[in-house]
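Morning, everyone. Here is the model I want to walk through today.

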Amino acid sequence: MDDRSKPQSVLRHLNQEKIVFILTIVLFILFSIILPNFLAANNILSLIRSVAVLGILGLGMLIVVLGRGIDLSLVATMAISVAWSLQLMSNGMSVASAMTVGLAFAVGMSLITGVLIAYAEIPSLFATLAMATFVYGFGRAHLITGTDVVYLPPNIGWLAQLGQGHVAGIPMPIIVAAGLALIVFLFLRYTKPGRFIYAMGDNFFTARTGGVPVRPILVMQYVLAGGIAFIAGIVTSTSAQAMNTRVVNSNMIYDVILVVVLGGVGLSGGRGNVRNVIVGTLLIGVLMNGMTIMDIQYTVQNVIKSLILLLAIVVDSILNPRDEQTGQQGDI
Amino acid sequence: MKKMTQLAVAATALAALTIGSVATRAEDSTDAFRGPALASLKGKTIAYLPISLGFDLAQAWGGVVKTEAQRYGINFKAQDPNWVTSAMAQGMTSLIAEKPDVIVTQNPDVQSLARLLKQANAAGIAVIQMNMQGAVQTDAYVGPDFVALGEQAAKMVVAKCGKDTQTSHKVSLVEGVPTGGVSFYQIEGIKKVFAEHPEIKVVSSQAADWDASKARAITETVIQQNPDLCGVIDVWDGQAVGTGAAIKQAGKQGQVYFVTSGGGAQATCDRLTDGTFSAVINYDAPGMGRDAWTAIMTYLQNKQKAGAIKTQIYSPLRLMTKADVKAGTCWDPEQYAKLLR
């Protein structure tokens, strides 16, 4: 070991997740100094709250990405299943049955996606892209018959608390997101299917040879993601008092991929954890909150957001150069 | 003999009278103007291309125009670009090739369709622009005078938050798509009034992109930074639902005076009733549908060249508060959505 390798080895420990975490801390300190009220407890809560839905969707995406897949239909599933639920409620269905129907729709659609990927062996990118279009098109044509924004019906009752309530001063969306994060963490770390997902993402064929029921596990990944999308939709709609199905046309799905990738989850599967999603989500949260306080227009916000992503990738690929064996660049 | 002649004359006169009166009835209407008017309408084609068919305003305009078009034997067809500007431009290009008699459209922003609308006029197609005015004037613009609407909203806020009041004078503006006519001209009007009232502090003026979730997130942060916020203007009621939710969830209902504007769909009345909106400037979307229909009839019956007469048809405005909401004050978008299906 020569003298020069020592500082380098310290740098080598800086993986994607740590780089982003440091970036978040730097921005956080910067904003705390230059922006009045940024550090106020209420602002920190609203900062986390504003990205809670993104984080929840990120958890769904994580489960899929860990197994080398991707789910582009998350936002469509979220919007249509919840909008349909709300519409059924306004038409007089009880909250419980409407929710069941919505959840069944979300799970059913992602079940079809999973089967297409696991048994018909269609690449997840294409299968979920097609399903996103199908779910949105079918939903808008046959399920949501009025306006494309479905307002919260007055008979929604306690459910509204999921978006609007507080527990010990903490807004419910944060609590829902934290709860889900804990569940997903425990699932991935301590259950057999959770470990199987890592095994499949790491080396699909070895996992199959090793006796992992790869096809059912693949289906399960998408079903879980679909169910999580439904929860994200309930939180979104009860917070904003409406479910806007136009969100499907927005770049929200890329934001979801962004928080997952930014946090250091490898798109090639097998690497990543709930912690990565949290770190990625927090960076976006700090950025968005700071920029809103600075009254920066959203078009400019998008530019800044993409520059930060590029910065993270560049730093990562410099610190983690191309691996000749796997042909992989960087840590992402 | 003389008697016979007399009788013959009388009979002839009677016969003439009878024939005359029957002949008059055969002309089928005493209204000489109806025939040409109906003939000028029958068999014509109206193409409807709003930003999307999925929101209350477009449903009301299209629903009203389609109902009347069908009554007079006019073909009506609608396209749904579903908020995608490029799809809208494509739709407009193919419409120009198809040559309907009238295009009823809505600009996603001031510039995107401007050239195409000019081309349509040059190709002999009348163009009616709804609500979102573009950079080119065509046969008719149907919608509020948004600069005046902005001024009105701003004056209302000045009355509640201006220098004669014991408030922070802090105001937040929630824009839509900043380059969209509804947002662009309204903000122009608002800024004009605020320029005359330097005590008003605009603490935030951000775009929510017609999206209630974005409006909610922006307003939540703004209230967090300015807990003493006095007034909010949101340029469209469709996204103002989110802005209102943020005000409500911050417990600032009553403290923050919240003005918005829109087409007066049921959701607006509901938000006035539950106190989410303090006041709404209502430009009555079904009424705009009627104005568009009037413009279509005027164009088709007068047989002028497309674009020969250009009219700004400004919609009447109605200021509404909770007290104005009664059963049937607002309209149900679903009723119009059904017509367009």
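In chain A, take contacts between residues at least 6 apart in sequence: 76% of them join residues at least 24 apart. Contact here means C-beta atoms, placed from the backbone, within 7 Å. A word on the source: this is a predicted model, where local features need pLDDT of at least 70, side-chain atom pairs count only at pLDDT 80 or more, and totals for chains, interfaces and linings use all residues. Residues are numbered from 1 along each chain as its sequence is written, and chains are lettered from A and ligands numbered from 1 in the order in which they are written.

Chain A has 15 helices and four strands. Those are DSSP runs, numbered from the N terminus: helices are H or I, at least four residues, and strands are E, at least two. The C-alpha trace of chain A spans about 75 × 60 × 35 Å along its principal axes.

Now the contact between the chains. Chain B puts in 33 residues, chain A 28. On chain B's side, H8(B) gives the most, with nine residues.

Next, chain B's sheet. Six strands form an open, parallel sheet, ordered S2-S1-S3-S4-S5-S11. Strands pair if DSSP finds at least two bridges between them. Which strands stand at the edges? Strand S2 (75-78) and strand S11 (311-314) of chain B do; each has a single partner strand, so one side of each lacks a neighbour in the sheet.

Look inside the sheet. Four bridges join S1 (residues 45-49) of chain B to S3 (residues 102-105) of chain B. One bridge partner: B:Tyr48 has B:Val104 in S3(B).

Notes: Two residues are in contact if their C-beta atoms, placed from the backbone, lie within 7 Å.
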